[in-house]
Amino acid sequence: MKKLDIKKLKEAYLNIFEPLGHTKSDFLRLEKIISDAIENRSEELKIRDQRPHDWYLSENMIGMTLYINLFSKNIKSLIKKIPYFQELGITFIHLMPLLKPREGNSDGGYAVEDYRDINPDLGTLEDFKNLIKKLHEQDISVAIDFVINHTAKEHEWAKKASMGDEFYQNMYMMYDTDEIPKKFNETVPEVLPDQYPGNYTYYDDFKKYVYKSFSEFQWDLNFENPYVLEEILSIFFFLANLGVDVIRLDAIPFIWKELGTTCRNLPKVHEFMHIFHLANQLVSPSVVVLGEAIVEPHEIVKYFGDDEKPECGLLYNANMMVNLWNALATRDVRTLEIDQMRFKLPHHAAWINYIRCHDDIGWGLNEDALRSFGFDPFSHKQFLINFYNGSFEGSFSKGQNYQFNKNTLDARTNGTLASLSGLEKAINENDQFGFEESLKRNDLLNALMFFAPGIPLIYSGDEVGILNDYKHANDPNKTDGRWIHRPFFPWHEKALFKDENTYQGHIFNHIKRLGKIRKNEKIMHSSIPLTVIPTGNIHVYTSIKAYGDEKIIGLFNFSENHQVLDMNEFKAFGIKGLYKDLFQNKTYDMNANHIDMYPYEYLWLKLI
Ligand code: OTU
């Protein structure tokens, strides 16, 4: 084992656990777990570990996220779909929760009953290992979820705890009286105020109050207990040793709780993330930790850590996701311009860029920025909620409110990319102009997602313009509103994917082209940040990526009107001479006085 790394790990461990009364001898148990995991790592994976440590920063990375059962039924049949991924240029697949969930409603698999087994509806561990092998053979890397904040209340530990076993009760946060739980409720915001208000549940059969952040059946683990970390890390290595390339740690901001706080993003969470990084380096150094932290913009970026103290390798760029929708509704790109995508990140870090995912859109905009542009954050959020649920006059969107709070009027938004950006409404109203505009909006958002530094991640179905599914609630396990944007994949429309005259084919082929062009340009490597060019036009997001002698300018018109950009600002950035649009091969003379842009047009201009 690398001595230096184990020393660092020990320090990080003792930082957390020494004040809680644990000692160096407790650390020996963790050391043993690590040496066992190293031993269990196959020779094949050890060879895979030798690939460049920053493999996931490559411009080659194009991601897709999908539920196996919704996409292809099960793991075996997913293998048959590999050619589909190849045709689209996908090189990275995030498989939504596939470990054995509780029966019935499992929050889409985020309530796990057994982390060491596969959901029997999807297949077996052997099937899964075989799938990984097949994907690796085609240079497609694989991410899976690891839900570390909570287990299902049917997990073996939880069952033992509810039968009175104290050791297992200590794995969770359980209380005899409601004194402490009530105090938590005073400062901890609710995630699911609609269905599961509050942060605890009382169980009469075993007379305990149990802490839960999400649903009643998802019990939070107690990270103050070193045995929890040991179990969690040994499962992490179990998953890594199956051959997965990326492990998505779910809901990380929630794992550490302290009375009197919001129990989100506390400093200790970062200590734990650093521990994950160090332990991973020891056992499975080519595996990447993807942190799921959908929190305020300035809190998200902290989960990368820094070069000295790295944490996650990948994070969701939730800030950009929200700003994209904001820009589309307002036709104003100013919040996008101060987005996180322009930051130079630590060497090990990259964003996952996405337009929407399996979850709702939470309107976590940068409030200071909004105020500085003259928007009142509260009323602006109300505008966005109503714009995207379609009730705002002139809206093109067909989303739905999620977790609407009638006291605060707060809500989040559900809907597929196509339905949110106008396609569903246009089809319903037989509106040809709206239809064409909605495709342009779709293309624009995808083009910016592919241009931004980081890995573009498509939610399966959005590449063929999938619309909202209003039938989900007929399934008693799918009453949660987020199922509206998690429909079955429309294989019955497959013939249309190749026909550019259909919306399915139009979007599909556009994504294919974006991927091809991106993969061809070294400058699309995730380590290369972009710089915003302040053109004075608030409708066009204008930015440049530069690397050595290479330059690419990205221009994205978020309005339905023609726009004219004054070239003076460009000159201040040393931009002159001829540039070629990578999509239409059209040449642009940057010595001219202005550039004209069509409604919703985007350009990737490369210096020639
Ligand atoms: C995650 O989301 C998953 O993505 C959800 O699908 C799960 O339901 C949930 O965890 C529980 O496992 O609040 O509304 O900052 O925003 O963890 C979604 C992180 C969520 C949270 C996020 C959570």
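Here is a short chat about a predicted model of one protein chain.

Trainee: How many helices and strands does the chain have?
Mentor: Both kinds of element are present in this chain. The secondary structure comes to 23 helices and 25 strands.

Trainee: What radius of gyration does the chain have, and why does that fit a compact globule?
Mentor: Start from the chain length of 608 residues.

Trainee: What share of the residues is buried?
Mentor: Buried here means under 20% relative accessible area. Of the 608 residues in the chain, the share that counts as buried is 61%.

Trainee: Which part of the contacts joins residues at least 24 apart?
Mentor: Consider the contacts between residues at least 6 apart in sequence. Among these, the part joining residues at least 24 apart is 71%.

Trainee: Let's look at helix α17. What is its reach from first C-alpha to last?
Mentor: Helix α17 covers residues 377-388, which gives 12 residues. At 1.5 Å a residue, 16 Å is expected, and the helix comes close to that. Its reach is 16 Å.

Trainee: Which residue just after α17 takes a positive phi?
Mentor: Look just past the end of the helix, where phi is about 85 degrees. The residue is Gly390.

Key. Residues are numbered from 1 along each chain as its sequence is written. This is a predicted model: local features need pLDDT of at least 70, side-chain atom pairs count only at pLDDT 80 or more; totals for chains, interfaces and linings use all residues. Side-chain values use heavy atoms; hydrogens and water are left out. Helices (H or I, at least four residues) and strands (E, at least two) are DSSP runs, numbered from the N terminus. The radius of gyration is taken over C-alpha atoms; the globule rule is 2.2 Å times the number of residues to the power 0.38. Buried means under 20% relative accessible area, exposed over 50%, partly exposed in between (1.4 Å probe, protein chains only). Contact means heavy atoms within 4.5 Å. The expected span of a helix is 1.5 Å times one less than its number of residues.
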